[in-house]
Amino acid sequence: MSGRDPFCQPRRARHGAVLTLVFAGVLVAGAASGAFPHGDRRAARDTARSAAPAGHHEDVARAAAEAMADGKSPLEAAERAVSRSGDRWGAVYSRGEYEELEDALDGRYTGVGLSARRERDGRIAISRVRAGSPADDAGIRAGDRLRSVDGEPADGRPVTEVVAALRGDAAGAGAGSPVRLGLERGARSWTETLRRARLSTEPVTVGALADGVTVIEVSSFSKGVGDQLRTALTRVPAGAGVVLDLRGNSGGLVAEAVTAASVFLNGGLVATYDVDGEQRALHARPGGDLTRPLVALVDGGTMSAAELLTGALQDRGRAVVVGSRTFGKGSVQMPSRLPGGSVAELTVGHYRTPSGHSVDGTGIAPDLETDPAGPAALERARAILSGPRG
């Protein structure tokens, strides 16, 4: 496998599900290089649960080839073969869909520049507006309520579905296509029609809390995030506490997660994993910062590569993990090209934390459990970093 190795959530349905998950709220994926040998340039993706039987790539490829020889759709035949395999997170992409996913993995997407979150009452709120985006130009603000998308109510729906509608995934809408939003701010309700645009993600942001504590939020492990995290850390005063906010981080690329681990670890084991039964290991590079007190903030939306990083920091005693149990998605997929140009991604193995803990299906339990939503979790993290140190 050469090129880039994503650890991010795949899709079962072909039209938009992965990109939906990738861009739901702060769920983002990206690309990096060099973590797994062998295979296609877009290799080993972290997914969830059941692994495909050995050799199943060949079964799927055979089904596609036979369908093409009979004048039928090789893509549909491959999808049926994946469905029969029991690989819950196996996915088949058309050539165009895979190219679209590659763009997303490189941190580029089509949308209006909104991040959304689901409130406890089921309402959908705008959590972030990208500067210079169509949403920003229209005056939409963080905290506004999103009531509908193209006439369909948003309340009560999974945030992934809402973001899919914003992006126009189901309709295959591209840049320049319109989307009509129903919005609410206080007592004011209005409708705004935006046109989607090609945008890029901003996966690393830096903020400050009281007592000199710095918050570095990493919303994905897209291309270059590890180096961005390293740069952000150089701006933190020596010895000052750091909150690494991984809430809602759906993962990204294993190579970027390993680079991020190298920011805080002085070499050593990050994770082990298996591919078709062969055991392998990932190691941090030497020279990471060991002086700044560190809290990793996680929740049920912390997935895959973000869990890999969390597990390494926790098991190595480098960070106090605060929040709620993480999602539990620690399986490895590898893609292969199929007859007709489509791509199948099938689960081939799982990874474990340095202590040997399996993440898949169980997640990572925090050292200190607290409601991860809102500012209270950040305040709890700040209190830990600002408290007495022995």
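# Notebook: strands, helices and loops of a predicted chain

Entry 1: I began with strand β21 (residues 343-352), which is joined to β20 by seven bridges, the two running antiparallel. The model I am reading is a predicted one. I then asked how many of the seven residues of β20 are buried. The count is six, and the strand, residues 331-337, is mostly covered.

Entry 2: I next turned to strand β16, which spans residues 269-275. Five of the seven residues of β16 are buried, so I noted this strand too as mostly covered, taking buried to mean under 20% relative accessible area. Strand β17 (residues 278-283) runs antiparallel to β16, and six bridges join them. Leu269 stands opposite His283 in β17. Two residues lie between β16 and β17 in their hairpin, and Asp276 in the turn has a positive phi of about 50°. I also found that β16 is joined to β21 by two bridges, again in the antiparallel sense. In that pairing Tyr273 faces Tyr351 of β21. For my own reference, strands of a sheet pair through backbone hydrogen bonds, either parallel or antiparallel.

**Entry 3: an open sheet.** Which strands form the open sheet, and in what order? I recorded six strands in the order β12-β13-β14-β18-β19-β22, with mixed pairing. β12 (204-208) and β22 (368-369) are at the edges; each has a single partner strand, so one side of each has no neighbour in the sheet. I followed β12 to strand β13 (residues 214-218) and found five bridges, the two strands pairing in the antiparallel sense. Gly207 stands opposite Val215 in β13.

**Entry 4: helices across the sheet.** I looked up which helices lie across these strands. Helix α7 (residues 225-234) lies across β12, β13 and β14 (242-245), and runs at about 175° to β13. Helix α10 (residues 375-386) lies across β13, β14, β18 (294-298), β19 (320-323) and β22. The direction of α10 is at about 160° to β18.

Entry 5: Most residues other than glycine have a negative phi, and most peptide bonds are trans. Ser304 is buried because its relative accessible area is 0%, where the limit is under 20%.

**Entry 6: Ala306 in helix α9.** I found Ala306 in helix α9, which covers residues 305-315. Why does Ala306 count as buried? Its relative accessibility is 0%, and so Ala306 falls under the 20% limit. Leaving aside neighbours within four places in sequence, the contacts of Ala306 are Phe221, Leu246, Asn249 and Gly251. Ala306 and Phe221 are 85 residues apart along the chain, yet their C-alpha atoms are separated by 7.6 Å.

**Entry 7: Pro178 in strand β9.** Pro178 is found in strand β9, residues 178-185. I classed Pro178 as partly exposed because its relative accessible area is 43%, between the limits of 20% and 50%. Apart from neighbours within four places in sequence, Pro178 is in contact with Thr193, Leu194, Arg195 and Arg196. I also looked up Val112, which is 66 residues from Pro178 in sequence and 9.7 Å away in space, C-alpha to C-alpha.

**Entry 8: rings and the whole chain.** I looked for a charged group over a ring and noted Arg188, which lies over the face of Trp190 at 3.8 Å from the ring centre. The count of aromatic pairs came to one. The chain holds ten helices and 22 strands. It has 390 residues, of which 57% count as buried. The accessible surface of the chain is about 15300 Å², and 49% of this belongs to carbon and sulfur atoms. Finally, among contacts with a separation of 6 or more, 73% are between residues 24 or more positions apart.

Key:
Residues numbered from 1 in each chain as written. Predicted model: local features only at pLDDT ≥ 70, side-chain atom pairs only at ≥ 80, totals over all residues. Heavy atoms only, no water. Helix = DSSP H or I, 4+ residues; strand = E, 2+ residues; numbered from the N terminus. Buried < 20%, exposed > 50% of the residue type's maximum accessible area, 1.4 Å probe, protein only. Contact = heavy atoms within 4.5 Å. Areas by Shrake-Rupley, 256 points an atom, 1.4 Å probe, with all protein chains shown as cover. Phe/Tyr/Trp six-rings, centres within 6.5 Å; stacked < 30°, edge-to-face > 60°. Lys NZ or Arg CZ within 6 Å of the ring centre and 35° of its normal. Pairing = 2+ DSSP bridges. Axes fitted to C-alpha atoms, helices over the stretch in contact; angles between N-to-C directions.
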